[in-house]
Amino acid sequence: MAASGLPRISVAETLAEKIAAVRPGALPVATTRKCEDLLIDVVGLCVTARNEDYVRSALAGCDDDGLCTAIGHQRALNAAGAAFVNGTAAHGEDFDDTFEGGPVHAGAVIVPAVLATCERHNPDGPMALIGIAVGTEVLCRLSLVVPKAVHKAGFHPTAIFGAMGAAAGVGAALGLNAKQIVDALGIAGSMAGGIIEYLAEGAWTKRLHAGWAAQSGIRAALLARGGFVGPRTVFEGVHGLFHGFAHTTEGDYAALTADFGTRWVTDTLAFKPYPCGTMAQPYIDCARRLAVRGVRPEDVAEIVCEVAEGTVHRLWEPLADKRRPRNGYAAKFAVPYLLATGFVHDSVGLGAFTENAISDQRVLALAAKVKFVIDPDNPYPNNYIGHIRATLRDGSVVEERQPYLRGGAQEPLMRQDVTDKFLLNAKHGGWSTAQSEAALKLMAGLYNGRIDLSSLRG
């Protein structure tokens with residue numbers, strides 16, 4: 001019997017019943033394909049970041065050696081440690097996938113969590129596929145319950161919802177029953193966290209949010225499997241997840257549960273063309289097109305961008321810092337710098353965030369001319385658009401608009417695009433062509449066979 005004032009059937013219980021009903025072989029073809037793309041993308045991202053200072057620090061901070069693979073490293077860790085390092089690496093360059101309705105980044109959380117769990121506890125490829133699909137779906141759908149509220153409250157939605165999605169995905173991969181999945185979700189609610197103060201000076205903490213959520217999901221699922229009890233009202237409760245991180249218990253919980261298992265929002269995941277903040281990407285496209293039209297940086301007197309109010313505190317303010325970022329990581333969330341880089345160099349690649357790059361005087365001179373105005377009709381977060389209005393020194397005005405995120409639902413990447421991105425990332429991370437090709441061969445059959453990632457070490 002439910003306690004006084006509590007629902008007879010909670011949101012988590014409704015969701016868990018649907019998760020437990022998902023069976024191997026039942027996923028739609030499009031969802032399976034997206035999970036295959038996620039695997040390729042995440043492994044490439046782990047490799048590209050493997051020699052970065054923050055990944056080395058993350059690895060050095062682990063004292064839990066074991067049997068699981070930290071992709072691109074010889075050292076093996078326990079499941080939680082591997083998930084933490086891989087998730088941190090996959091999210092670290094901000095080149096990972098995004099869910100346009102959120103915005104949240106699912107692959108960097110769910111793929112490391114499920115792979116490490118299966119490598120250690122249940123090396124079954126079809127169950128790993130189920131786990132990745134379920135975890136991704138839960139993470140993305142949670143971001144639709146109270147859109148924008150978690151960011152507005154000062155938290156990173158990928159970190160908060162990632163712990164929950166990882167618990168669900170790992171629970172599904174381990175074959176937990178509905179009651180155990182409810183407990184896993186309830187436990188993960190006390191493990192979720194992630195503030196966005198990294199924006200102040202470009203600190204590294206956002207990078208670890210995906211990894212921390214991944215390892216938290218593993219811990220929660222294993223505790224639940226062992227009989228540990230979590231609150232079944234973790235989502236809608238008066239002291240639940242949304243109360244804590246969105247300051248409300250009112251939300252569209254049907255967006256999480258209503259058609260779970262019959263409609264997969266996972267199919268709409270977007271893959272980024274540039275390694276930086278998602279909402280900046282359409283503005284980079286606009287800037288690049290201005291350059292193609294023959295406009296030179298020196299011709300520009302002023303650039304005004306119409307933006308969504310919900311993006312201002314992360315990507316536009318303080319404006320002086322966004323025009324001249326303090327370091328390479330801060331530059332990834334500075335639209336004036338990013339669009340100026342795209343304009344001047346016709347690209348924003350991994351090399352755009354070095355200390356030399358962020359000191360480029362042509363880029364900084366153009367970035368200093370960039371301003372913004374809030375567009376009350378901007379459809380964010382349901383769609384990511386871009387707009388630039390450039391006033392030239394001769395008084396003429398030129399404009400460019402980008403109506404959607406390239407790589408997203410309206411212009412998705414094809415498998416070859418994802419593979420090409422993997423190859424570029426692997427090369428950047430120091431892998432040979434032979435290593436990259438062997439990894440692609442392994443991943444092509446991973447969901448059909450046994451989870452063994454040992455060949456991805458080193």
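This is a predicted model: local features need pLDDT of at least 70, side-chain atom pairs count only at pLDDT 80 or more; totals for chains, interfaces and linings use all residues.
Residues are numbered from 1 along each chain as its sequence is written, and side-chain values use heavy atoms, with hydrogens and water left out.

**Domain record**
- An unreviewed UniProt entry lists residues 13-248 as "domain: MmgE/PrpD N-terminal"; UniProt positions follow the numbering used here, feature names are shortened, and annotations may be inferred rather than shown by experiment.
- That span is 61% helix and 3% strand, and its end C-alpha atoms lie 20 Å apart. Helices (H or I, at least four residues) and strands (E, at least two) are DSSP runs, numbered from the N terminus.

**Helix H13**
- H13 covers residues 281-292, and its 12 residues reach 17 Å from first C-alpha to last, close to the 16 Å expected at 1.5 Å times one less than the number of residues.
- Its buried residues are Gln281, Pro282, Tyr283, Ile284, Asp285, Cys286, Ala287 and Leu290. Buried means under 20% relative accessible area, exposed over 50%, and partly exposed in between (1.4 Å probe, protein chains only).
- Those buried residues pack against strand S3 (300-307), helix H17 (335-345), strand S5 (386-392) and strand S6 (397-402), where contact means heavy atoms within 4.5 Å.
- Glycine 294 follows H13 and has a positive phi, near 100°.

**Cysteines**
- The structure holds 0 disulfides, a disulfide being a pair of cysteine sulfur atoms within 2.5 Å.
- For cysteine 276, the closest cysteine sulfur is in cysteine 286, 13 Å away and too far for a bond.
- For cysteine 305, the closest cysteine sulfur is also in cysteine 286, at 7.9 Å, again too far for a bond.
- Cysteine 276 is buried at 0% relative accessible area, and cysteine 305 is buried at 0% too.

**Nonpolar cores**
- The largest nonpolar core has 114 residues, and Val134, Phe235 and Phe242 have the most contacts inside it. Such a core is a set of buried Ala, Val, Leu, Ile, Met, Phe, Trp, Tyr and Cys residues joined through side-chain atoms within 4.5 Å.
- Apart from that core lies another of 50 residues, among them Tyr198, Ala280, Val307 and Ala308.

**Glutamate 119**
- Glutamate 119 sits in helix H5 (residues 107-121) and is buried, with a relative accessible area of 14%.
- Leaving out residues up to four places away in sequence, glutamate 119 touches residues including Leu67, Ile451 and Arg457.
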